[in-house]
Amino acid sequence: MVEETLASMDATSKESALDYIEILNLQAAISFRTVHHLSTWIGERIHNRIIVNYIAGRGALDRAVEIGREQNNKAAQARAEQHIGDWHLLFGRRSAAAVHYKRAQRLAQEADITLFDKPRRLPGFVNVTNPGRASTPNGGHVNYVRTRFDIDRQGRARNVTILEVNPAGKTRLAQEARVQLRGTRFRPRFEGGKAVESKGVEIRFVFPHAEARGAQGATS
């Protein structure tokens, strides 16, 4: 579906270039989710599918950089380089991520836009509006956990504090929120071109079901 959409668009057209980049970002997001899901499986066929999806995701992000360059759009280039940095950080390649973040910062300055003023929860290839504020089932009660924590320069959550659990006393929800935070990577905030620690970041994890299945989180 994504490939068909890309095939029907003209990346050389200034009017459609940004839409083309958004579809490429969606392809990267799908590829990352697939790699992340398959990484828990075992077998040669699974390994091959992981490689294929990894290459597809990274290729989509590289193509987004090329389109921004072809269109001489510094802002688009900056965001595309930032996304490649995110890609590397998600796979634990901090040094490679730093290279692309540095490029993104330089391009962002040239485009007079701000990209690294706040830490961001990853993956963030596709913009999502408040995923943790989804409507509650049947308009009823919502289960959630409010957390506060610091984010170190490597994008890991530290010093986690549980601020609120709803319903009160649901310790299982609090434990699940801690587990999710341990597995979450953040793009750190940057000052003066260097990653810095962020303190007092808050996220509310929403659990659509009392069993704490399929939780979502959003900054609030």
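Student: Which element supplies the largest share of the lining of the second largest pocket?

Tutor: Helix α5 does, with 6 residues. This is a predicted model: local features need pLDDT of at least 70, side-chain atom pairs count only at pLDDT 80 or more, and totals for chains, interfaces and linings use all residues. Numbering starts from 1 along each chain as its sequence is written, and side-chain values use heavy atoms, leaving out hydrogens and water.

Student: What makes a space a pocket, and what makes a residue part of its lining?

Tutor: Take a 1 Å grid over the protein atoms alone. A cavity is a set of points where a 1.4 Å probe fits but cannot get out. A pocket is an open set with protein on both sides within 12 Å along at least five of seven lines. Lining residues have an atom within 4 Å of a point. Here, 14 residues line the second largest pocket, and R94, A98, R153, F190 and A195 lie nearest its centre. The elements giving two or more residues to this lining are α5 and β6 (194–196).

Student: How much space lies in the second largest pocket?

Tutor: About 230 Å³. Grid points are joined across faces, edges and corners, and the volume is the space filled by probe spheres set on the points.

Student: How do the lining residues of the second largest pocket divide into nonpolar, polar and charged?

Tutor: There are 7 nonpolar, 3 polar and 4 charged. Ala, Val, Leu, Ile, Met, Phe, Trp, Tyr, Cys and Pro count as nonpolar; Asp, Glu, Lys and Arg count as charged; the others, Gly among them, are polar.

Student: What counts as a helix or a strand?

Tutor: Both are DSSP runs, numbered from the N terminus: helices are H or I with at least four residues, strands are E with at least two. The chain has 6 helices and 8 strands. Their order is α-α-α-α-α-β-β-β-α-β-β-β-β-β.

Student: How does the reach of α5 compare with what is expected at 1.5 Å a residue?

Tutor: The expected span is 1.5 Å times one less than the number of residues. Helix α5 (94–111) has 18 residues, and 26 Å is expected. Its first and last C-alpha atoms are 25 Å apart, which is close.

Student: Which residues of α5 are buried?

Tutor: A97, H100, Y101, A104, Q105, L107 and A108. Buried means under 20% relative accessible area, exposed means over 50%, and partly exposed lies in between (1.4 Å probe, protein chains only). Across the 220 residues of the chain, 42% count as buried.

Student: What do the buried residues of α5 pack against?

Tutor: They pack against α3 (44–70), α4 (74–90), β4 (186–187) and β5 (189–191). Contact means heavy atoms within 4.5 Å. The buried residues of α3 have cover that includes α2 (14–38), α4 and α5. R58 is one of those buried in α3. Leaving out residues up to four places away in sequence, R58 touches I84, W87, H88 and H100.

Student: Why is Q154 called partly exposed?

Tutor: Its relative accessibility is 30%, so Q154 counts as partly exposed. Q154 sits in the loop between β2 (143–151) and β3 (157–166). Beyond its neighbours within four places in sequence, Q154 contacts L89, R94, R185 and F186. Q154 and R94 are 60 residues apart along the chain, yet their C-alpha atoms are separated by 7.4 Å.

Student: Is D112 buried or exposed, and why?

Tutor: D112 is exposed, because its relative accessible area is 70%. It lies in the loop between α5 and β1.

Student: What sets the phi of D112 apart?

Tutor: Phi of D112 is near 60°, a positive value in a residue other than glycine. Most residues other than glycine have a negative phi, and most peptide bonds are trans. N159 also has a positive phi, about 55°, and is not a glycine. N159 lies in strand β3. At 56% relative accessibility, N159 counts as exposed.

Student: Which peptide bond is cis, with omega near 0°?

Tutor: The bond from L122 to P123. P123 is in the loop between β1 (120–121) and β2. A cis peptide bond also joins N166 and P167, with omega about 5°. P167 is in the loop between β3 and α6 (171–182).
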